[in-house]
Structures are given as structure tokens and as C-alpha cells.
Amino acid sequence: MRGWNRAKLLWAYVTRRSRLNAQPVEYIVETTAKCNLYCPMCPRETHKQPKEDMAEEIFNRLVEESGRSAEHMMLIGLGEPFMDPRIFERIEYCSRHHIATLLSTNGTFLDERMSERLLESPLEHITLSFDGATKESFEYYRKGARFEKVRDNFVRFARMKKERGAKMQVVVQMVRMERNAGEVDDFVRFWSTVPGVDQVRIKEDETNLMHPDAGHAATEWKHPCHYLWRGPMYVKHNGDVYPCCQSYMLDGQPVGRIADQPLDEIWNSAEMREVVAAAR
């Protein structure tokens, strides 16, 4: 079913169809809008978020309606996943529907007990966000977190993963910004030697919140964005659905709401088809 779904999405993209008889293969699902840190580069600082979690019925409905075609669900958004009291239930629920799960964490809650529980779960991929190689830069960008505590949490988790022979993919990621740009080599050097870390990634800052006048460079695209045909579709904690996470950050309007409409109807809504048509 999933292979046939992917084939239909590819055909729809190649032929530039705006109505699809297939569903996205990837979703970004914001299971919580709560976060315990202040990070000046985070979109939640310009898009204020309520202290709310995704309702169980919204999450379950999304999984059930997408389960025959969804391949990945990234359980992330503008909140810290481990502030969601149901996060492990949601990971298990996706696994029962044969959907792989991924998440990203700021590491403040990743103590030994949490690490044990996480490594026993069916989560397939985790990104450990650590924005700096020095205490000064890290704590500037991750206000409310302690450099030493988060670093030790990440190192312990990666080593526990290695010792247990867990298959979970572990990525340590730094977003390159003005204050930490000179620390890239030290960052890569340190984390590359930590047992259990599968990849060290340096990501460019995509928000421009630290330099709001910079804007986005104009680019001439030869092909429309394939995400509009395959996902990830972005689902906010309240069930609002966006074509992708960037549409929400750019103050776009939702194309539907999980609690009110079937997923197929949202995917082929007039609003979604208008976005796709404009991208062709």
C-alpha cells in the first residue's frame, strides 16, 4: 500500500496534478506547544504559543486516517516533545500502525531514567539540539538551559544507546549562527568522538529571527516544491493543518482542521489545491 501510494504521489508531481488520490508520506506533528526554554532564534518567540498539548482524539484520528500511507511522523513543532505527558504513548501508537517516529529535543529532560525509557521505545530517530561548543554561546541561544547538564545528558544517552546496541539513529545538531559560527570545528570534533552518535550535523539558521532585515535570498526555482505533493504536512497541536512548517512560520493560513474534516478532504481541499496550482 505504501509503495503504491508513493508511486501515485510521484506520478502526480511529475504531471503537476492539483488533485491527488494519494496521501502524504510524512507529517510534522506538534504534540505539544509547551516549551521550557527561551531561544531568541525560535519562531515561538514571534508566534506566541499556548501551554497546551494535542488532544488524544486529534492525534489518534490523524494516525488512524493516515496509517495505510504514512511512513514517518516527526513528533516535533514549536514545543519540547518531552513536555508532552503522552509522548511515549504516541510513539507506541504510531508503531502499532507501522509508522516510524522521529523527534528532536533540547535535552533538559533527558536524564538517565528518561533515557532508559526512550531506548526501550520504538522511536527510530532522535536529534539532539545543542547550539554551541562553549558555555557562553550555548546559554545565549538556549536561555534556561545549563551547558554542562545538557551536554552530559546527551553524552550519557548516546553511550547508553551504544552499550545496548540500540538501532535508534542519534544525530547531534547545531544551528550555525553569529555567536557560534566560529565553534563549528570544535563542535564537530567533540561530538564525533562520543560513542553512540551516528551523525553530527551543522544546520543553517532558516528563521532569520536574529537578523530580521536579512530577508530570504531570491532564488529562481526550476521545479515546484515537492513537499506539496509528498509532505511533510504540518499539524499544529490544535489540529490545524498546514502544507508545510514554513507556511505556518510565514503566517500562512491552515488548509483544514483534523477535528473537523477527514484527512483526504483536507489534502484535496480548495485551499490546498490553490497552493499546489500556484507552485506549478
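Biologist: With which side chain does the side chain of K236 make a polar contact?

Modeller: Keep in mind that this is a predicted model. K236 is found in the loop between β7 (233-235) and β8 (240-242). Its side chain makes a polar contact at 2.8 Å, and the partner is the side chain of E30.

Biologist: Is K236 buried or exposed?

Modeller: Buried means under 20% relative accessible area. K236 has a relative accessible area of 3%, so K236 counts as buried.

Biologist: OK, on to α7 (184-192). Where do its buried residues sit around the axis?

Modeller: The buried residues here are V184, F187 and W191. They cover an arc of only 65 degrees around the axis, so they sit on the same side of α7.

Biologist: And which exposed residues does the face turned away from that buried side carry?

Modeller: The buried side of α7 packs its residues against α6 (147-164), β5 (169-176) and β6 (199-204). Turn to the face pointing away from that buried side, and you find the exposed residues D185 and R189.

Biologist: What do the buried residues of α2 (56-66) pack against?

Modeller: Start with who is buried in α2: I58, F59, N60, L62, V63 and S66. Those buried residues pack against β1 (26-29), β2 (72-74), α3 (87-96), β7 and α10 (263-267).

Biologist: Then α3: what do its buried residues pack against?

Modeller: In α3 the buried set is I87, F88, R90, I91, Y93 and C94. Past the helix comes H98, with a positive phi near 60 degrees. As for packing, the buried residues of α3 have α2, β2, β3 (100-105) and α4 (112-119) as their partners.

Biologist: Now the second largest pocket. Which element gives the most to its lining?

Modeller: That pocket has a volume of about 170 Å³. Of its 13 lining residues, the closest to the centre are M1, Q23, E65, S69 and D264. Two helices, α1 (2-14) and α2, each supply at least two residues of the lining. The one that gives the most, with three residues, is α2.

Biologist: How many polar residues does that lining have?

Modeller: Let's go by class for the second largest pocket. Its lining has two nonpolar and five charged residues, and the polar ones number six.

Note on methods. Residues are numbered from 1 along each chain as its sequence is written. This is a predicted model: local features need pLDDT of at least 70, side-chain atom pairs count only at pLDDT 80 or more; totals for chains, interfaces and linings use all residues. Side-chain values use heavy atoms; hydrogens and water are left out. Buried means under 20% relative accessible area, exposed over 50%, partly exposed in between (1.4 Å probe, protein chains only). Helices (H or I, at least four residues) and strands (E, at least two) are DSSP runs, numbered from the N terminus. The arc is that of the directions from the helix axis to the C-beta atoms. Contact means heavy atoms within 4.5 Å. On a 1 Å grid over the protein atoms alone, a cavity is a set of points where a 1.4 Å probe fits but cannot get out, and a pocket is an open set with protein on both sides within 12 Å along at least five of seven lines; lining residues have an atom within 4 Å of a point. Grid points are joined across faces, edges and corners, and a volume is the space filled by probe spheres set on the points. Ala, Val, Leu, Ile, Met, Phe, Trp, Tyr, Cys and Pro count as nonpolar, Asp, Glu, Lys and Arg as charged, and the others, Gly among them, as polar. A polar contact is a pair of N or O atoms within 3.5 Å; within protein, one must be able to donate a hydrogen and the other to accept it, and residues adjacent in sequence count only if both atoms are side-chain atoms.
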